Amino acid sequence: MAEPESTIEIVKPGLSTTVQDLGRPGYYHLGIPLSGAMDRESLIAANLLVGNDEGAAGLEAVFLGPEIRFAADATVAVTGADMPPKLDGVEQPGWTALSVRSGQVLSFGFLKAGARASIAVSGGIDVPVVLGSRATYALGALGGHEGRALKAGDRLRLGRGRPVGEGRNLPAALRRKAEPVLRMLPGLYDHRVTGEATERFFADPWKVAPEADRIGYRFRGGHPLDFVPREPPFGAGSDPSNIVDSCYPYGSIQVPGGTEPIVLHRDAVSGGGYFMIGTVIAADMDLIGQLQPHQPVHFARTDMAGALAARRETAERLARIRDALA
Amino acid sequence: MRYTFGGDEHVFVEVDEAMSLEAFFRSLSITNAVRDSRIRGVTEICPANASFQIKFDPDLIAPDDLLGELKSLEGAGAGGAELKTRIIEMPVFYDDPWTRETLMRFRERHQDPGATDLEYTARINGYPDVPSLIAAHAGSPWFVSMVGFVAGLPFLYQMVERDKQIQAPKYLRPRTDTPKLTIGHGGCFGAIYSVRGAGGYQMFGITPMPIYDPAQEISYLRDFMVLFRPGDIVKFRPVGRDAYDAAVQEVEAGRFSPLIREVDFSLAAFQADPTGTNAALLGVLHG
C-alpha cells in the first residue's frame, strides 16, 4: 500500500490525546454517547483559524500535550487550555494560525490554565467516519484512531486543507475563560433530597475530584445530601440514592450515596440507577472540560429562562468568532 | 406520569417509580408514538425501563411547546399493548471459570465473601441450590427493557410475576473489572456486559455470542454494530464448556448464526396467562 501523502506522526502521545469532532448524535438510545470535543467552542475556533469546516476532526489533549512530527506542510492552531505550543522547541502563540513545514515537530509547554487543548490541523484528521462522526468513544472502542487514545508511533492521515493567512488569531475578548460557576437547572429526581440539602448543595464550595474524565466529572468537598425517607419502589434498590435504572441526560448531576456529585459529559454512560439532582445547562458544558482537579467550583441555580438566555449568549459569541475568522 | 426538564436540551418522563412490564410497555409505546409524530426539534428518543428521555433543540422548539406535544401523546401508552418483535436465544455457560476467577478477585467488595455470586443469589431468593436458580433464570424469557449504560448493553426484565422475580443487590463497591459478555444481575434486572469494564452486578455466567462489534466483523453485526433493541425478547439456554468452546470457534470462523425468530406479543394475553404465553413464545423459537 502506498504511503498517504499528508500525515502526522505521534512521537509522544501526552496523557490522553484523542481524535474529536463535534460528535455522533443519534445513538444515545443504544448506549452510544455523543462524544466529540469536551470544549466545543475551542475546537470550532481552532478549525476556523486553520481554514477548516467547524466540525472537522482535530486532536483533544488533556493536561499534558503530545509531540507530533509533521510529514507535510500544514497550518495548525491550538486553542482551549493555556498550554503553549512549540515548533521545533520554539514557543508559539495559542489561538493563532501557525505554519508548519514538513519535518517540523509540534510539542507543548506545561499547562498554565484550563485542562484541554484543541489542536486543529488544516484539512482535518482523516480517520474513518463511523456512524456519522470521527470522534473517539474509547469506552466502546469506537471511532477516532482505532477506537482509542493515541499512542507513540501512530500515523494519522490529513484531509485536503485550504490556504489561510499565517499568523491570524482570535482576539482575546472572544476566548472564553473558565468561570468557577456551573449553572444548573434543578429537576429530575431532586425531590429525593430535602429542601435544606438542596440549598446547601448550592451554598457549598465543591472541588473537582481526580476522577474527572470524558465520561464525567466528580466533585467533592460539600456536605452529604439528606434524603427524604421512602419505601424503595420495586426494582430500584435499597439505597436511598437508587432509582429504577433510567436514562441520564448529558450534564445531569447524579449523587451516588448522596456524597459526591458526578456531572456526565460527552462520553456519558447513557443510563443507570442513581438519582439526579438537576442538570448543568448546555451553555456551561464547555467550561467543565476546562476544569482541573482540585479546582474550586460552585453550582448556581438557574431556571429555563436563564438557561435559554445563556444559550443565546453562546450563540452570539460563536457568531462573533465566525465573523472574526471569516 | 411525571415530566421534568434535564437542563435546556432534555425532557425526562417518569412513567412509574417502580418497575413493571406495564410501565415498560407504556414507555415503549409512547416513545414509538413520539418517533412516528416527527416533532420538530426532537433529536434523540431514548426509552428506558419505566421512564423515557427526549433530547431536543430549544432553538427549534420552545421547551413548553415540546412538553405540550408529549403530553398529547400520553394516551398512546394506555391502549392494549401489542408488539411485533423478535425472540433471540442466547447460549449461557453458567458458573464459568472466567466470571468465577473475576468474582474471587473482588470478594472483599461482596456482601457474602464466603459464597459465589450464584450461591449468594440462590440463598437470598429462597432457592435450595444453584441449579434451581439457573433453572429459573433460563426457564422464562426476558424483555430487553433498555439498551444503554455503555454501547449495546441490554437491561433485561424477566417475564414472570413479581413474586417470582430474581432480586439481588449490586456489589457493596463496584468491581473494576468484568469479563466481556458476562451475564449479570442487579436489583430485578439482568444485564449482558457488552464490553469489558467496571461493574456492580452479580455475575452468573458468560455467553459466547457477541452483542456489540464496533469493527462490524461478526457476521450478524455487519449491518449494525449493536444487536439489541428495547422490546426484544431473550431466552437463555444453559450450555456446558464443550458447547461454549464450539460456539466461540464458530463466532471466530464467522459461521455462528444466532437463533432469532419474529414474534407477536400481547401484554393483555401475557397478563391473563403468563405461563401459556411464554410457552407459545418458546414454541415459535423452536418450531
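User: In this predicted model, is M285(A) buried or exposed?
Analyst: The model is predicted. A residue needs 20 or more other C-beta atoms within 10 Å to qualify as buried. M285(A) has 24 C-beta neighbours inside 10 Å, so the class is buried.

User: Which residues does M285(A) touch, not counting residues up to four places away in sequence?
Analyst: M285(A) sits in helix α3 (residues 285-288) of chain A. Its C-alpha atom is separated by 8.9 Å from that of R40(A), 245 residues apart along the chain. With residues up to four places away in sequence not counted, M285(A) touches G251(A), H265(A) and V280(A).

User: Which residues touch the most other members of the largest nonpolar core?
Analyst: The largest nonpolar core holds 168 residues. Helix α1 (residues 21-37) of chain B gives the largest share of this core, seven residues. V76(A), leaving aside neighbours within four places in sequence, is in contact with residues including V50(A), L98(A) and I119(A). The members that touch the most others are L49(A) and V76(A).

User: How far apart are the end C-alpha atoms of residues 29-318 of chain A?
Analyst: An unreviewed UniProt entry lists this span as "domain: Carboxyltransferase". The span is 13% helix and 30% strand. Its end C-alpha atoms lie apart by 29 Å.

User: On the side of domain 1 of chain B that touches domain 2 of chain B, how many residues are nonpolar?
Analyst: The domain assignment of chain B gives domain 1 (2-79) and domain 2 (84-286). Their contact takes eight residues from domain 1 of chain B and nine residues from domain 2 of chain B. On the domain 1 side, α1(B) supplies the largest share, four residues. By class, that side has no charged residues, one polar and, as the number asked for, seven nonpolar.

Note on methods:
Residues numbered from 1 in each chain as written. Chains lettered and ligands numbered in written order. Predicted model: local features only at pLDDT ≥ 70, side-chain atom pairs only at ≥ 80, totals over all residues. Core = buried A, V, L, I, M, F, W, Y, C linked by C-beta atoms within 7 Å. Buried ≥ 20, exposed ≤ 12 C-beta atoms within 10 Å, placed from the backbone. Helix = DSSP H or I, 4+ residues; strand = E, 2+ residues; numbered from the N terminus. Contact = placed C-beta atoms within 7 Å. UniProt positions renumbered as here; feature names shortened; annotations may be inferred. Domains from an automatic or database assignment. Nonpolar A, V, L, I, M, F, W, Y, C, P; charged D, E, K, R; others polar.
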